[in-house]
Amino acid sequence: MEQIPILKVGRCLLVSIQIDMHDRLALALQDDLTHKLVETRARGVLIDISALDLVDSFIGRMLSNIAAMARVLDAQTVLVGMRPQVAITLVELGLTLPDIKTALDVDRGLALINRLIDEPDGSDRARGAH
Amino acid sequence: MHVERTSTLEVRTSEDVVKVRQEVRNRTAAAGFSLVDQTKFVTAASEIARNTIDHGGGGIARVETIFSAGKRGVRLVFEDAGPGIADIALAMQDGYSSGGGLGMGLPGAKRLSNEFCVESTPGKGTKVTLVRWKMPKL
Amino acid sequence: MLDKLGLYTAEVYQQSRDDIIKRQAQELLELSTPVVELWDKILALPLIGTLDSERTQTVIENLLNHIVKSGAEIAIIDITGVPTVDTLVAQNLIKTVSAARLMGADCIISGIRPQIAQTIVHLGLQLDVVSKATMADALALALKRTGKIVSPVSSKPQ
């Protein structure tokens, strides 16, 4: 069965979701990530969805779950690369993902995660959930 | 109103949901929908397809390109022979918390469509019809 | 046959007039929702007129496309030109803010007139976003958030 690759980049784990995910793959990813987080003691998870032309409530829930699991393991999650039409649709669906931090692309996402890891109590520069 | 093209797909497994999305994507693109409108409707289709599997025990999806009063549109009909919805009004209420989780996906799909209709008989099955029209462009 | 030609010509004429009207309507809609790149990573949207559902769609699309183009991290939405803020307008504002946030940009609402502030409280509306009275205040906050300092040029003679 195909697997979504998880890369270690500095203190973060980088996941790039490239394909249309079905349930088994989504569950496998969540499982894989929690294992790797514990193994590597990574402090951040960067999820790149720039290749996704659609995010429905199932994927939305998966993303929320990943952020929640990462939080329990003291890691920050940042979602990057959401396409405008996906953001518009998610908002219409009522899925605003308030518990996940976001950035425009991988570069900014990494910068944000590093800031969050180094300034955990959030300075004026912290962004994310209101 | 007439139907220009129609195809029927099985909706039983999670791979079928992917196929439904691709078919709706192709149809809405062929009908000239804007990218945003395509994405909205394909997402609506995905929501209802999942419902059909999770709550309806599986069923079928009919994807139709339709033409009416000078407008082209895409109509989706999802049917299952599952337990049905006991209280449609309740199911149509926003079950989404700000964390975005529970609920049957019906109110969300309705917001992403121009026309939306749910018919259900407990014990017999459910039929959900969604239509999105191509908006006149500049 | 000549009748059909006449009818066809009339229809084509009507259709092109309709097209022009639609195009102008679209242009009007876009003109009234300008997005300004105020500073590095800071966008401003001065909204003029009511924020109904259709307008909101255009505003959001415009804003998100600009965020992608400019890499903005903060969007200042100025509602000085929005006559009333009721529950629907508030919902549309929240939608806009949520959409921008999903693209990694935070919003600041500015241009809150005294009556608007009162209406918001009376209607029990939860805006859940930082709001400021003036765009100047919003810009000051945005600059701070993006790590910029504004300081006077030294006036010591050289």
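Helix H1(B) covers residues 14-30 of chain B, and at 1.5 Å a residue its 17 residues should span 24 Å; the end C-alpha atoms are 25 Å apart, which agrees. The expected span used here is 1.5 Å times one less than the number of residues in the helix. Helices (H or I, at least four residues) and strands (E, at least two) are DSSP runs, numbered from the N terminus. The model is predicted, so local features need pLDDT of at least 70 and side-chain atom pairs count only at pLDDT 80 or more, while totals for chains, interfaces and linings use all residues. Residues are numbered from 1 along each chain as its sequence is written, and chains are lettered from A and ligands numbered from 1 in the order in which they are written.

The buried residues of H1(B) are B:Asp16, B:Val17, B:Val20, B:Val24, B:Arg27 and B:Thr28. They cover an arc of only 105° around the axis, which puts them on the same side of H1(B). Here a residue is buried if 20 or more other C-beta atoms lie within 10 Å of its own, exposed if 12 or fewer, and partly exposed in between, with C-beta atoms placed from the backbone; the arc is that of the directions from the helix axis to the C-beta atoms. The partners against which the buried residues of H1(B) pack are strand E1 (2-11), helix H2 (35-54), strand E2 (59-68) and strand E3 (71-80) of chain B. Contact between two residues means that their C-beta atoms, placed from the backbone, lie within 7 Å. H1(B) is followed by B:Gly32, with a positive phi near 85°.

In H5(C), residues 135-145, the buried positions are C:Ala138, C:Leu139, C:Ala142 and C:Arg145. Seen down the helix axis, these buried residues fall within an arc of 125°, so they line one face of H5(C). They pack against strands E1 (36-39), E2 (42-48), E3 (74-81) and E4 (106-110) of chain C. Just after H5(C) comes C:Gly147, whose phi is positive at about 75°.

In chain B, strands E4 (residues 115-121) and E5 (residues 125-133) run antiparallel and are joined by seven bridges, with B:Glu115 opposite B:Val131. E4(B) and E5(B) form a hairpin with three residues between them, and B:Gly123 in the turn has a positive phi of about 90°. In chain A, by contrast, strand E3 (residues 44-48) and E4(A) pair in the parallel sense over five bridges, and A:Leu46 has A:Val78 of E4(A) as its bridge partner. Five of the five residues of E4(A), residues 76-80, are buried. Both faces of this strand are covered, with A:Gln76, A:Val78 and A:Val80 on one side and A:Thr77 and A:Leu79 on the other.

A:Asp74, with phi of about 60°, lies in the loop between helix H2 (57-72) and E4 of chain A and is exposed, with 12 other C-beta atoms within 10 Å. A:Leu97, with phi of about 45°, is found in the loop between H3 and E5 of chain A; this residue is buried, with 25 other C-beta atoms within 10 Å.

Turning to the interfaces, the contact between chains B and A takes 23 residues from chain B and 23 residues from chain A. On the side of chain B, the elements that give two or more residues are H1, H2 and helix H4 (106-111), and H2(B) provides the largest share, nine residues. The contact between chains A and C takes 17 residues from chain A and 20 residues from chain C. On the side of chain A, helix H3 (84-93) and strand E5 (101-103) give two or more residues each, with the largest share, five residues, coming from H3(A).

The largest nonpolar core has 104 residues, of which A:Val45, A:Ala87, C:Ala75, C:Ile76 and C:Ala100 touch the most other members. Such a core is a set of buried Ala, Val, Leu, Ile, Met, Phe, Trp, Tyr and Cys residues joined through C-beta atoms within 7 Å. H2(B) gives the core its largest share, eight residues.

Methods. Pairing = 2+ DSSP bridges.
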